[in-house]
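Subject: Structure handover

Hello,

Here is the structure I promised to pass on. Please open it first, then read my notes below.

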Amino acid sequence: MAKQPQPCDLLVTGDLILTLDAADRVLHGGAIAVADRTIVDIGTADELGRRWTTAKTIDGKGRIVMPGLVNVHNHTPLMITRGMIEDIGFAPMYTPGIPQGHWLREEDAYALSSLGMYELLRAGCTTVVDFYRYPGACARAAAELGVRAVIAGRVHDAEPAALATGRYDHSRAIGEASLKENAELIARWNGHDGGRIRCDWAPHAPDTCSDDLLREVKKLADAHGGNVHTHLSQLPLEVEAVRARTGLTPPQLMDKLGLLDDRLIAAHCIHLERSDIELCGKSRMTVAHAPIGNAKGGRIAPIMELREAGARIALCTDTFSGDLIEAMRWAIAMQRINRQGNVLDARTVLDWGTREGAAALGMDDKIGSLDVGKRADIVLLDNRSPSLAPLIDGYGVLVHSASGHDVDTVIVDGRVVLSDGRLTMADGDAIVARAQAVASALWQRAGRQPIG
Ligand SMILES: [Zn+2]
């Protein structure tokens, strides 16, 4: 006798399901059953229709279903500089004459972070690492919009106004205030909503943190667990400052202080000596590769060399856009230019944007692929989009041609947080309007008259 169907919370169907599981299963006319935030079954829609009953079904007719994307390095309040910074500098902290992080009030950071989280979700990023000033505002935005997030404060002790003019002025008071901000963040937000929000430690960079501050972060992060997030060898200025202060390269300094290990997720890693590449590789650290940001600054990180040396590569948009599919494409183009050949393909960078990001965060048992037992972080793309045709192997057209705008439904932790491109837990139009008002006021303060 046939087994009685069991109840589940949600059934998601799809014309095509790219599981990205260990066997790289692709299901035509597939379905995913979700119960208690977790994927409990994957198979054909016919099989699952016999095995499960549910009050809620997402009809994936005309849809491609895939795991949520994992974006391992962002600073959502920095949306304030988007569209402007690209032509005049690379980060407010190092660029005078533009709105600075220390000008933001907490409510400003919240308005900008909400915009950033909205854009990331809209483009299929279900897990987002975000760290900046007012990290509580970032956590609040992530919690409200329904995205899975790893949040940290921006720990540093370099005085920002001095730094914008190229001077390093390390202040104990600034360092202690940023440590306190992160401790308060952890106390308030770590583990929120069944672990959907996690908090980590994030020293800004080896030049903007003194050795003493980095030692303190190491101690706190060891006691806390999770990852340590930072920027590493991002610019010549940083490399020179670290060498002048310590006689070491940035990776050598991080290694000496015990921070260069498999828990470290370091963005950029551009200005490296050959011995730095070996050191980073041996440590099994993760490079948060930001191809769009690198390219806009006229730089290419030696990603293939770092990978060959043993480093893990994961992807991020670093606030330049929320579109990780676009970042995948840029990653391929840049490494082909760098190595003068076809050294990277769509399937590999798709892994960087999903499974590798999940593994870097120590979450590969929970996210990164569509597997029974993992959290239900699922993205549906509109297969009727001209950008997704023709569909031959699936991966090629997705990475080389699609964009975040082809995403129409996003599920995080079994909850539908984006439907038909619209947020379900917040008012997207209001978020955009609020962020525009904040940005207009801050750019006016910087002496620019916004047109918006
Ligand atoms: Zn960054």
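A salt bridge here is a side-chain nitrogen of Lys or Arg within 4 Å of a carboxyl oxygen of Asp or Glu. Keep that in mind for what follows. Note too that this is a predicted model.

**Salt bridges**

By that rule, the count is 36 salt bridges. Eight residues form a linked network of them: Arg37, Arg148, Asp193, Arg196, Arg375, Asp377, Asp413 and Arg415.

Asp413 bridges to Arg375, and their closest N and O atoms are 2.8 Å apart. This pair links distant parts of the chain, 38 residues apart. Asp413 sits in the loop between β17 (407-412) and β18 (415-419). Arg375 sits in the loop between α16 (355-360) and β16 (378-382). Both Asp413 and Arg375 are buried.

Two further pairs are worth a look. Arg347 and Asp351 form a salt bridge at 3.3 Å, N to O. They are four residues apart in helix α15 (residues 346-352), so about one helical turn separates them. Buried means under 20% relative accessible area. Arg347, at 19% relative accessibility, therefore counts as buried. Asp351, at 21%, counts as partly exposed.

The other pair is Arg167 and Asp169, whose side chains meet at 3.5 Å, N to O. Arg167 is partly exposed, with 49% relative accessibility. Asp169 is partly exposed as well, at 36%.

**The zinc site**

Which protein residues are the donors of the zinc ion? They are His73 (NE2), His75 (NE2), His231 (NE2) and Asp318 (OD). These donors lie 2.0 to 2.7 Å from the zinc ion. Along the chain, their spacing reads H-x1-H-x155-H-x86-D. His73 lies in strand β8 (residues 69-74), and Asp318 in the loop between β15 (312-315) and α14 (324-339), so this pair ties together parts that are 245 residues apart in sequence.

The site is irregular, with angles of 83 to 176° among the four donor atoms. Why irregular? Four donors count as tetrahedral only if all angles lie between 85 and 135 degrees.

Strand β9 (residues 125-132) and strand β10 (residues 148-153) run parallel and are joined by six bridges. Within β10, Ile151 is the bridge partner of Asp130.

**One last residue**

Pro160 lies in helix α5 (residues 160-163). Pro160 is buried, with a relative accessible area of 12%. Its C-alpha atom is separated by 31 Å from that of Leu145, which is 15 residues away along the chain.

Best wishes

Terms used: Residues are numbered from 1 along each chain as its sequence is written. This is a predicted model: local features need pLDDT of at least 70, side-chain atom pairs count only at pLDDT 80 or more; totals for chains, interfaces and linings use all residues. Side-chain values use heavy atoms; hydrogens and water are left out. Donors are N, O and S atoms within 2.8 Å of the metal (3.2 Å for Na, K and Ca); water is not among the atoms, so sites may look incomplete. Four donors count as tetrahedral if all angles lie between 85 and 135 degrees; four count as square planar and six as octahedral if opposite donors are over 155 degrees apart and all others between 65 and 115; anything else is irregular. Helices (H or I, at least four residues) and strands (E, at least two) are DSSP runs, numbered from the N terminus. Two strands pair if DSSP finds at least two bridges between them. Buried means under 20% relative accessible area, exposed over 50%, partly exposed in between (1.4 Å probe, protein chains only).
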